[in-house]
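This briefing goes through one protein model, topic by topic. Have the sequence and the 3D view open while reading.

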Amino acid sequence: MKHTLSVLVENEPGALSRITGLFSGRGFNIESLCVAPTLDKTMSHLTLVTNGDEAIIEQIIKQLNRLVDVYKVVDVSEGEFVEREMALIKVRAEDETRAEVLRMCDIFRCKVVDVSPKTYTIEVTGPESKLRAVTELLNPLGIKEITRTGTIAIQREKKTI
Amino acid sequence: MTKIPGKQMVVEAFKKEGVDIVFGFPGGAIIDVYDALEKDGSIKHVLVRHEQGAAHAADGYARASGKVGVCIATSGPGATNTVTGIATAYMDSIPMVVLTGQVPTGLIGNDAFQEVDIVGITRPCTKHNYLVKDVKDLPRILKEAFYLARSGRPGPVLIDLPKDVQNARAEFKYPEKIKLRSYNPVVEPHGKQIERAFKLIERAKQPVIYAGGGVIIANAHKELTKLAEYIHAPVTMTLMGLGCFPGTSELSLGMLGMHGTYCANMAMANTDLIIAVGARFDDRVTGKIEAFAPNASIIHIDIDPTSIQKNVRVDVPIVGDCRRALKKLVKAVEADGRPPEVWKERAQPWFDQINAWKKRHPLTYKEEPGVIKPQQVIEKLYELTKGKAIITTEVGQNQMWTAQFYKFDEPRTLLTSGGLGTMGYGFPAAIGAQMAFPDKLVVDVAGDGSIQMNIQEMATAMEQRLPVKIVILNNQFLGMVRQWQELFYNKVYAATEFSVTPDFVKLAEAYGAKGFRATKPEEVDETLKKGLETEGLAIMEFAIAREEGVFPMVPAGKATTEMLLV
Ligand SMILES: Cc1cc2nc3c(=O)[nH]c(=O)nc-3n(C[C@H](O)[C@H](O)[C@H](O)COP(=O)(O)OP(=O)(O)OC[C@H]3O[C@@H](n4cnc5c(N)ncnc54)[C@H](O)[C@@H]3O)c2cc1C
Ligand SMILES: Cc1ncc(C[n+]2csc(CCOP(=O)(O)OP(=O)(O)O)c2C)c(N)n1
Ligand SMILES: [Mg+2]
């Protein structure tokens, strides 16, 4: 099962490598990892997507909490939450496909952020499923390059971590 | 406020933390701290012969005394030499502060002379570690290091101190109190959980207390004994738990697990309630996990939530300090009102069964005419020391025979590397323990292989005039590995036989110590007596039956009831 964890961690040197080291050292998976500062400059916020059965997720959360630098861990996928990811996709766009690419952008409400005679670069935002759908549809047209941010997530309604 | 250099802060912090002894080995990147220590003169420094020795000695000091052990090393090779000692302490949750020198901050990352990223290397085997970049942070970091090392689940903490920071000056404001928003170990157990635990205890017909190293760490042996005696429950201990409950008590089942007693393993297989206290269900204890304690409900008291529910499903988890939890449990039992006699009577059928197991396969060994059996040496050692010595062990058969045949009644009297199983641990640890308790008898029970891994510390012990005693059970084999080869690898003794071992008696003499040797059973007594009566450092070497095995033995991956017996 996929789980999305929100982790607040002290903004200390080495904190991130403690976390990634914990995952590699204990054989846990990281599907994606996103780190950014928070309003409080002394903390970083980290969204981590991992998978495993209940027992493994329980261990992951406990092991994260055990790290001296980790302030808080929440499994946001336990309740209602919003998750988003962004991808930048450089697609081949030559005479015969140029219009087709734009049409798809329209359907998926993507933005064209860079144009060249032979390519469009498209910005897609949404849950992972949307990114997958877009890449699958663009693939036949010729994706030249793709970069993704990894998932970020937040709990719905009043809950805060 | 006057400013003082970083090196001076280190000394001041040590004094504030009550550090009276440090173990270490100098070098260019730590020379400034050494200078400050020497000029101050109030902290005893023990110069070892190898930094691994310093780390183990600090660890032995910590285990014996319950205080934080401190060791110091220089950058690069000095730092890497401590790593095995740090990992050893980490696996067994031992409070330790390791201070390493580092190249000046401006050179970090440049492959400078004797530079190594020791913070990176030790990240997975320390509780926490620091690279100090600004001397202004140093007082806080020193304070935090000691606090982290000894609080919650203890462990080693490393501080990497660049040479320029050692000499940079700042005001020294040592924090009196400490609060870390991201580190709040739960100490006080939840009352509701105690109630739930008591309900299970009350209902259990065949309970077992499974006690581990956490009881010793928490100094909870009195509370544990009180609970066990009150409810008349049998107690089995992990290797790390030996001594947390009197091994001579009629309630004791001895050690459980791979080389545990028949009785302990049978009791675990048949119990309806495991009361686990400061023990972490290690694979050496559970054997094949699917077959472990099939009928049991489990109460698990541990200060570290990661230990709970890691390997086995637990019915009543109790997170907190086990001393407090045990106190609360005893209170709950007393409040219930049934006197101990009632509990005892109720336990009778269970004890009839236990005593039958005890009788069927007690710990034993076959005597052989003309050959010294290692078990006999340990039994005699127990007798002559009246069970009062601090025993350290190396790793292997020597360690297991000690665990089986020396009856530990007091906590902090068996110092052994359980989690990492580090050969070469025992002797430097004995040095640390002897430094903590100059007047106690400290004996390292060693194998001929392990003792050679830190034999250089003989010089340290001589220099400090430490009367440590070393008992070498010499089988001229890496015996524990040989035993596996005998049982599971068709007796192919790949790389486990020594064709050369030093003359340990002469070796002792070379260091200025005394050496004694026994080659026949009738010499065991005399040799032990002579050795133990020697004033200073002494080696007693016993030429033991070369292919003696440790039994019972649960083959790796088998159920703990599938024991190979003598
Ligand atoms: C050759 C060899 C053979 C071995 N064979 C055996 C064997 O047959 N049987 C055996 O038992 N072991 C054996 N071991 C040792 C084994 O590998 C483990 O080290 C040992 O079983 C772990 O002991 P423990 O569960 O008591 O945990 P420890 O490692 O002592 O851990 C202590 C636990 O207590 C907790 N704790 C710490 N402080 C507190 C506190 N204040 N309050 C509450 N909890 C606290 C910690 O969080 C941790 O979970 C062997 C080792 C070697 C090298
Ligand atoms: C540093 C280290 N290397 C290797 C091992 C693997 N090992 C475990 S027991 C053992 C044999 C130890 O031999 P010895 O000290 O003679 O003890 P014996 O088993 O013969 O009593 C070995 C090699 C270990 N535990 N530690
Ligand atoms: Mg040997």
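A donor here is an N, O or S atom within 2.8 Å of the metal; water is not among the atoms, so a metal site may look incomplete. The model is predicted. With that in mind, the donor residues of the magnesium ion (ligand 3) follow the spacing D-x26-N-x1-F in sequence.

**The magnesium ion (ligand 3)**

- Three residues coordinate the magnesium ion at 2.1 Å: B:Asp448 through OD, B:Asn475 through OD1 and B:Phe477 through O.
- B:Asp448 sits in the loop between strand E17 (442-447) and helix H19 (457-463) of chain B, while B:Phe477 sits in the loop between strand E18 (469-474) and helix H20 (479-488) of chain B, so this pair ties together parts that are 29 residues apart in sequence.
- Is B:Asp448 buried or exposed? B:Asp448 has 1% relative accessibility and counts as buried, because the cut-off for buried is under 20%.
- B:Phe477 also falls under that cut-off, with 4% relative accessibility, and counts as buried.

**Ligand 2**

- Around ligand 2 there are 17 residues, and those that come nearest are B:Gln397, B:Gly421, B:Gly449, B:Ser450 and B:Gly479.
- A polar side-chain atom of B:Ser450 is 2.6 Å from an oxygen atom of ligand 2.
- A polar backbone atom of B:Gly421 is 2.8 Å from a nitrogen atom of ligand 2.
- In the side chain of B:Asn398, an N or O atom is 3.0 Å from an oxygen atom of ligand 2.
- How much of ligand 2 does the protein bury? Ligand 2 exposes 590 Å² when taken alone, and the protein buries 77% of that.
- Helix H17 (397-405) and H20 of chain B are the elements that give two or more residues to the shell around ligand 2.
- H20(B) gives the most to this shell, with three residues.
- By class, the shell around ligand 2 has seven nonpolar residues, nine polar residues and one charged residue.

**Ligand 1**

- Ligand 1 is surrounded by 35 residues, of which B:Gly213, B:Thr238, B:Arg280, B:Asp302 and B:Ser307 are the closest.
- For B:Thr238, an N or O atom in the side chain is 2.7 Å from an oxygen atom of ligand 1.
- For B:His259, a polar backbone atom is 2.8 Å from an oxygen atom of ligand 1.
- For B:Arg153, a polar side-chain atom is 3.4 Å from an oxygen atom of ligand 1.
- On its own, ligand 1 has 990 Å² of accessible area, and the protein covers 96% of it.
- Which elements each supply at least two residues of the shell around ligand 1? They are helix H10 (213-217), helix H13 (283-286) and H17 of chain B.
- H10(B) provides the largest share of this shell, three residues.
- The shell around ligand 1 divides into 13 nonpolar, 15 polar and seven charged residues.

- A:Thr135 belongs to helix H4 (residues 128-142) of chain A and is buried, at 18% relative accessibility.
- Leaving out residues up to four places away in sequence, A:Thr135 touches A:Ile89, A:Ile143 and A:Ile146.
- Helix H1 (residues 6-16) of chain B has these buried residues: B:Gly6, B:Lys7, B:Met9, B:Val10, B:Val11, B:Ala13 and B:Phe14.
- An α-helix has 3.6 residues a turn, so residues three or four places apart point the same way.
- Just after H1(B), B:Gly18 has a positive phi of about 75°.

**Backbone exceptions**

- Most residues other than glycine have a negative phi, and most peptide bonds are trans.
- B:Ser93 is not a glycine, yet has a positive phi of about 55°.
- B:Ser93 lies in the loop between helix H5 (83-91) and strand E5 (96-102) of chain B and is buried, at 6% relative accessible area.
- B:Ala495 is not a glycine either, and has a positive phi of about 60°.
- B:Ala495 is in the loop between H20 and helix H21 (504-510) of chain B and is exposed, at 73% relative accessible area.
- The peptide bond from B:Phe551 to B:Pro552 is cis, with omega near 0°.
- B:Pro552 is in the segment after strand E20 (538-543) of chain B.

Definitions and conventions. Residues numbered from 1 in each chain as written. Chains lettered and ligands numbered in written order. Predicted model: local features only at pLDDT ≥ 70, side-chain atom pairs only at ≥ 80, totals over all residues. Heavy atoms only, no water. Donors = N, O, S within 2.8 Å, 3.2 Å for Na, K, Ca; no water. Helix = DSSP H or I, 4+ residues; strand = E, 2+ residues; numbered from the N terminus. Buried < 20%, exposed > 50% of the residue type's maximum accessible area, 1.4 Å probe, protein only. Near = heavy atom within 4 Å. Polar contact = N/O pair within 3.5 Å; in protein donor to acceptor, adjacent residues only side chain to side chain. Areas by Shrake-Rupley, 256 points an atom, 1.4 Å probe, with all protein chains shown as cover. Nonpolar A, V, L, I, M, F, W, Y, C, P; charged D, E, K, R; others polar. Contact = heavy atoms within 4.5 Å.
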